[in-house]
Amino acid sequence: MRTPCTPGEPSAPHRRCALPPLPRYPTVDELGTRAAALVARHPRDARLRRVGTSRAGTPLWLLSVGHGDRQALVVAGPHANEPVGGATVLRLAERALADPRLTEGADATWNLLLSLDPDGLRRNEGWLTGPYTLGRYFRNFFRPGFLEQPEWLPDGAAAAALPETRALLDVQDDLRPFLQCSLHGVDVGGGFVELTHDLPGLDRRLAHIAARLGIPRELGAYDALYWPGLGPAVYRIPPPRRASLAAAITEAAVESTWFHPHRHGTVTAVVEAPMWGVAAVADDAPPGDRDAVLRAVSRTLRHDTGLLRHLLARIRPNLDTTRDAARLLAPVDDYLLVCPGLADAWDPDTGTGAAHPLPSLSSAHLAALRISGRRLALRTAGLLHQLVRACGHDPAGALPELDRLIDAWCADYRDGCGARWIPVARQAEYQARVVLSAFELAGRLPRAGSSPGEPGVAARGPGADAAGLTP
């Protein structure tokens, strides 16, 4: 018996109805199962192939739709705690199968990597399928340390060690895509896009999509604090540079898989979709008292960092010495490494002589900085909570204190920042529409192989990555 069609879905000749949508984020296993079901329904137009294997032996699956010469690559799940991309690539596959304008009409093939970090995604399954509350999310949050995030190339592509990274690099070099979209999720804040090359008109389309779906645009994204703007909530990723670990994490200026395929003329769009939206990140008005807000944010971050360092010192002697504990400790150490420097950089009383002085700040920027400081503390507290739980006992008596901090900081997000849950289906629809807009606009640029003087070709060079503390 065929599944009833949903009103308003794209139509196409001889289309088959899509699988019923999941009302939640798909797990690693569900991603593979649903992709295989799409291929079974559309054996002539869809293929599923294994392009690599994770560190834990999980297959890395690439779902391809269409037979065109122009390749589009969409990468889901580059960050383990950002699962919206999995729902989005399934939605994009169904759209491409239903609408020949996206494949034959554009001479295009859609290549959808279901999850770049499936091992990390599994570690988030404590909150992944709901119910979706801030407390549940942060107590079960996992994202690996800086050096284990597969989009980063801190030592360049030739030295990439992670099998997930090597698999993505191989796919990029094999496909030579005209467009690559990396799908990310903002836990608390708004939606925005980062580009390695301008796509004129994307900012207007983003504004329309966000308004239709009720998604706040992040007009002063922390990730892009020092980056040039290409329009409201659209930012240009700057070239990379060598830096210390702390600078690389906070300034997002090392090499990455975002820029690796530029030798092939690829444009990369990093598409961020929020889980809990905050209206204040869309307020581009001048702030009432910039310095007072910055002092408060910096003071809070220093205070929270001190509490967390004290708790870690109590907890660390009782931790297991297993690889599992080490994977949880790595991001804790990363966050606690960068927090003092960030507090100093944001504080108007200590940041005057910083290497990168703060740019002109709107109310949206200040809201994003407040959210970012709180995010660092909550992620660290959540990871420490998991470390203690994994021990099976709490000799340091840290769990009650961690619970109190997590509850208070989540309440600040809800009540102080106005964070409100955005249903998964709406997150995925927003992200899919932004990807489709980028696909259309990138298709108008000169193709790879055009003469160097043509616009959109000569300006493409090496660039940066924003994986470390991106939302």
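Predicted model: local features only at pLDDT ≥ 70, side-chain atom pairs only at ≥ 80, totals over all residues.
Residues are numbered from 1 along each chain as its sequence is written, and side-chain values use heavy atoms, with hydrogens and water left out.

**Exercise 1. Classify the ring pair of Trp 127 and Tyr 132, and then that of Tyr 222 and Trp 346.**

Step 1. Rings of Phe, Tyr and Trp (its six-membered ring) pair if their centres lie within 6.5 Å, and planes under 30 degrees apart count as stacked, over 60 as edge-to-face and the rest as tilted. The structure holds 16 aromatic pairs.

Step 2. For Trp 127 and Tyr 132 the centres are 6.4 Å apart and the planes stand at 75 degrees, an edge-to-face pair. Buried means under 20% relative accessible area, exposed over 50% and partly exposed in between (1.4 Å probe, protein chains only); Trp 127 counts as buried because its relative accessibility is 1%, and Tyr 132 counts as buried because its value is 18%.

Step 3. The ring centres of Tyr 222 and Trp 346 lie 5.9 Å apart with planes at 80 degrees, so this pair is edge-to-face. Helices (H or I, at least four residues) and strands (E, at least two) are DSSP runs, numbered from the N terminus. Tyr 222 lies in the loop between helix H7 (202–213) and strand E7 (229–231) and Trp 346 in helix H10 (residues 323–346), so the pair ties together parts that are 124 residues apart in sequence. Both Tyr 222 and Trp 346 are buried.

Step 4. Trp 127 and Tyr 132 also belong to a cluster linked by ring pairs, whose members include Tyr 25, Phe 138 and Trp 421.

**Exercise 2. Find the contacts of Asp 412.**

Step 1. Asp 412 is found in helix H12 (residues 399–416).

Step 2. With contact taken as heavy atoms within 4.5 Å, Asp 412 touches Arg 370, Arg 374 and Cys 417, not counting residues up to four places away in sequence.

Step 3. A polar contact is a pair of N or O atoms within 3.5 Å; within protein, one must be able to donate a hydrogen and the other to accept it, and residues adjacent in sequence count only if both atoms are side-chain atoms. The side chains of Asp 412 and Arg 374 make such a contact, at 3.3 Å.

**Exercise 3. Decide whether Leu 147 is buried or exposed, and find what it touches.**

Step 1. Leu 147 is found in the loop between helix H5 (134–139) and helix H6 (163–175), and it is exposed because its relative accessible area is 60%.

Step 2. Not counting residues up to four places away in sequence, Leu 147 touches Pro 154 and Leu 162. The C-alpha atoms of Leu 147 and Leu 162 are separated by 9.2 Å, the two residues being 15 apart along the chain.

**Exercise 4. Describe helix H11 along its length and at both ends.**

Step 1. Helix H11 (residues 363–391) has 29 residues and reaches 43 Å from its first C-alpha to its last, close to the expected 42 Å, where the expected span is 1.5 Å times one less than the number of residues.

Step 2. H11 is mostly covered, since 26 of its 29 residues are buried; Cys 391 is buried, with a relative accessible area of 17%.

Step 3. At the start of H11, a side-chain oxygen of Ser 362 reaches to within 3.3 Å of the backbone nitrogen of Ala 364, and just after H11, Gly 392 takes a positive phi of about 85 degrees.
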